[in-house]
Amino acid sequence: MKKQNEKQEMSRRKFISLAGGAAASLAAMSAMGMPLDWALNNTGIDVESLDVNKISTDVLVIGSGMAGLFAAVKAHDAGAKVLMVSKGRLGASGQTPFAKGIFAFDPEKEDLSLDEFVVKVSRSALGTNNNAYTKQMAQHSLARVIELKEWGFFDSSLYNKSFSKPIVERNITVQERITITHLIKENDKVVGAAGFSIDEQKVLFYEAKSVILCTGAGGFKPNGFPICDLTHDGTIMAYNIGAKVTGKEWNDGHPGKSENVAACYDGWGDMFEQKPSTTGVEIRHDLGVDMNYVAYNNGSPLKMGPPGSGEQTKVSGGPYTPEEFMRHNDTPPGGKEGGRPPKGGKGGPPKGGKGEGAPPGMGGSIVGGSSAGMSIHKSEGLVPINDQCESTIPGLYAAGDALGSYMAGAIYTQIGSSLAGSAVQGGVAGEAAAKYCKNINSIKISTSKMKEIEEEILAPLKLEAGYSPAWVTQTLQGIMIPNFIIYIKKENLLKAALAYVEELRDHHIPMLRASNMHELRLAHETKNMIISAEMKLKASIMRTESRCSHYRLDYPELDNENWQVWLNIFKGEDDTMQFEKQPFNTWPV
Amino acid sequence: MSIKSINGCIGCEECIKSCPTDVIRLNPDSKKAEILYPEDCQICHLCRMYCPVDAITISPEKTIPVIVSWG
Amino acid sequence: MKKEHYIFKLIALILAFIGMPVLLYFQGDFPKRSFLMQTLSLITILGFTLLLSQFFTSRLNKTLVKKIRMVNVLAIHKFIGYLFISILLLHPFFIIVPKFFDNGVTPTHAFIRIITTFSSLGIILGLIAYTSMLVLLITSFFRFKLHLKYKTWRNLHGYLTLLFVVAATWHVVNIGRHSNTSFSIYYVLMVASGIYYLLKTYLFKTSKK
């Protein structure tokens, strides 16, 4: 019986190959009465007649959050012609719209000097921070905050209006709802980028002397954290043209509310409705994977309660927090200020914030993985070669969460520094990129390159059958998000997950299909998430110690002998993923 | 069901522009915003907050997609 | 006997223009909003249905004029007129009330966004209706200072009302928050019968005179 089936199968295949082509095979299958809805890719788009546009500029800023804003403004003020493109809207995409606290280091008001501040951050970060970037952030934070104040940033809970002010005043062109998928390199220098518009059905090429990635971080489109539009696009694009990236082993350990997990607005009380405010020096060692460790040992529910209520679950062992930064008789990380999860580095709730809604866990329980796939802010991203936000590729800069600056280290240290750091780094990168442009005469994207990239961008639309990005994403989430894979790590499980992810990489990425521009964006995002997952797993396997937000059950101790290093990732000659160690507080060689 | 309904839309496109995940689109015939990809809604409420006429209703619940072997 | 009929007549009007919209409002599956906003919505809807009732509290309603004297009809017509106009004049501002209570878009910004969305047919119709309503208000208020012949006045008032009502109804059906199918059918029916009476009176009855 079985043999007969096999025989039939064989003859069917034979018939298909004889008939030639996928269309015929589909026809054959449907003739046999097989349901085909899953496979038929009915694109409502005539892929062959899509418009192709090419635009030239000096500095191309990709992303329109806090880093992008300052990158565009400062590059313009330094004399460059600037064009900003964004996947979403100015001031309303990425994590910026949800960051409500910004650190401003005012030397007049603080007890700590600038250098003392850097030293203290470094102590909390167990050496993982980059002192140059920590200092730079604090040093320039007040100046950026003052500019933001002038633009009306602190007057509204929504940032589009205040962000538009300096952009409109300077007449900087902003193109919104453009998904950039490729960075373009010619003669070892960056010469631009390419992507598509989701509204106009257009493939777009940007010829630029310099590109600043302000593309933010990313995750696996987790539930409960507003990062479903962030998929490490900048990091993966840069990796694909040979840039070094770092920081994939770290984790942001934000919890979510167990009731209506996906509702990130509700999980944050009414914080999204608040106007932003500034924070002063307050250094912590927060929001690593402590809670994940507790949950791993005790299971759900994980209690969070008001200070002193004794409602928190406690276990021994787990991630190490330096004694100086232990918070006794306090809520677990994620519990201060009325118990809602602090925005960690990304601002933290406004100090003494008023009008807080129901915080997650107050009398209820919390779940993990709400920001799954994301590292500590600014610990992951492009490797900088200096303190000017310059990447390993000439002309390519990054700022904010797209830059692996290790400004805060591999754990959340200074409250509100993430938003401040994005502003500061945006400004630094903008000026540096404008300066770089002055020495570049002309650039050109070759026609052959454009053809090749256009082909890659539109590939998912041209597939007659394949896998939907939604399904592949869901599968990836199932592989990566469990606590025992991404947070509480051990080698055999990391390797097991890697086997799955490699299957998605090799077999599913080429078969991602899209039937419209919305799905085309999802297809490219999914691809980036898969590569990012591979990076995360491999980096996690490699770092055989526990430090800050990276916790290995099989290597629970700090290993200062071998691991006072950052892990860099790059594409080797043979297109495989390569790793290198870079000692803390050095620049790459 | 995440983003639930839009009532009294004037077609200003504020929500469409401010949705980070491209859930809402302008209906070319009625010239009004319609919820096209609710499965991608991250329940962040930006659309509702940007709407000048307070037209958008969002619920905290989200239906989780059914697990299948391929899709 | 005569008095009873008078109340009965008005009850029919009250049922048609207050009872019916209230019923439809509570029958409809509309998203729940704050008590203040729900109240303002209902007031706005009633403002609009009162406007529609104007066709039937005028000379057009022969039966009513016969039952209660024209003076009384006119008094009711005037009273309802100023009432609905006050509501409808204010209703664009009702919409931005929530903006006073949050930290996001400012009320001014929201208001400007609304009245400058020229890509929207509903907004354009609303602006037309609003302007014609203002003209109607001013001309009615200064009716006797205008020194118009009665017939000229009546034509001005009637035809301007026609423009106003058509634009307003279309506006309501197009972008009304509560304009579901039942509300839309109700509005269209009321307007159609109103216009039918108006045109019947203006075009045929007058020529016979």
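Trainee: What covers the buried residues of α3(A)?

Mentor: In this predicted model, the elements that cover the buried residues of α3(A) include β1 (51–62), β2 (82–85), α5 (131–150), α6 (160–169), β7 (202–213) and α11 (417–438) of chain A.

Trainee: What makes α3(A) count as mostly covered?

Mentor: A residue is called buried if 20 or more other C-beta atoms lie within 10 Å of its own, and 11 of the 12 residues of α3(A) are buried. Among them are A:Met66, A:Leu69, A:Phe70 and A:Val73, and the list also takes in A:Lys74 and A:His76.

Trainee: How do you know that the length of helix α3 of chain A agrees with its number of residues?

Mentor: The expected span is 1.5 Å times one less than the number of residues, so the 12 residues of α3 (residues 66–77) of chain A should span 16 Å, and the end C-alpha atoms are 17 Å apart, which agrees. After α3(A) comes A:Gly79, whose phi is positive, near 100 degrees.

Trainee: Why are α6(C) and α7(C) called roughly antiparallel?

Mentor: Angles over 145 degrees count as roughly antiparallel, and helix α6 (residues 121–141) of chain C packs against helix α7 (residues 150–175) of chain C at an angle of about 150 degrees, with their axes 8 Å apart. The two helices are therefore roughly antiparallel to each other, and α6(C) passes α7(C) in a left-handed crossing. The residues that make this contact include C:Leu125, C:Ala129 and C:Leu136 of α6(C), together with C:Leu160, C:Phe164 and C:His171 of α7(C).

Trainee: Which classes of residue make up the contact of α6(C) with α7(C)?

Mentor: By class, this contact has 15 nonpolar and 8 polar residues, with no charged residues.

Trainee: How many residues of chain A are in contact with chain B, and how many of chain B with chain A?

Mentor: Two residues are in contact if their C-beta atoms lie within 7 Å, and 28 residues of chain A are in contact with 21 residues of chain B. On the side of chain A, α8 (264–267), α13 (469–480) and α16 (517–542) each supply at least two residues, and by class that side has 15 nonpolar, 8 polar and 5 charged residues.

Trainee: What makes up the secondary structure of chain B?

Mentor: Chain B has 2 helices and 4 strands, which follow the pattern β-α-β-β-α-β when read along the sequence. The C-alpha trace of chain B spans about 40 × 25 × 20 Å along its principal axes, and buried residues make up 52% of its 71 residues. In chain A, the secondary structure comes to 16 helices and 20 strands, and 56% of the 589 residues of chain A count as buried.

Trainee: Why does B:Glu13 count as partly exposed?

Mentor: A residue is buried with 20 or more neighbours and exposed with 12 or fewer, and partly exposed in between; B:Glu13 has 19 C-beta neighbours inside 10 Å, so it counts as partly exposed.

Trainee: Where is B:Glu13 placed, and which residues is B:Glu13 in contact with, leaving aside its neighbours within four places in sequence?

Mentor: B:Glu13 is in the loop between β1 (3–6) and α1 (14–18) of chain B, and, apart from neighbours within four places in sequence, B:Glu13 is in contact with B:Leu26 and B:Ala33. B:Cys51 is 38 residues from B:Glu13 in sequence, while their C-alpha atoms are 8.5 Å apart in space.

Technical notes
Residues are numbered from 1 along each chain as its sequence is written. Chains are lettered from A and ligands numbered from 1 in the order in which they are written. This is a predicted model: local features need pLDDT of at least 70, side-chain atom pairs count only at pLDDT 80 or more; totals for chains, interfaces and linings use all residues. Axes are lines fitted to C-alpha atoms, for helices over the stretch in contact, and angles run from 0 to 180 degrees between N-to-C directions. Angles under 35 degrees count as roughly parallel, over 145 as roughly antiparallel, 65 to 115 as roughly perpendicular and the rest as oblique. A crossing is left-handed if the near helix is turned anticlockwise from the far one by less than a right angle, and right-handed if clockwise. Ala, Val, Leu, Ile, Met, Phe, Trp, Tyr, Cys and Pro count as nonpolar, Asp, Glu, Lys and Arg as charged, and the others, Gly among them, as polar.
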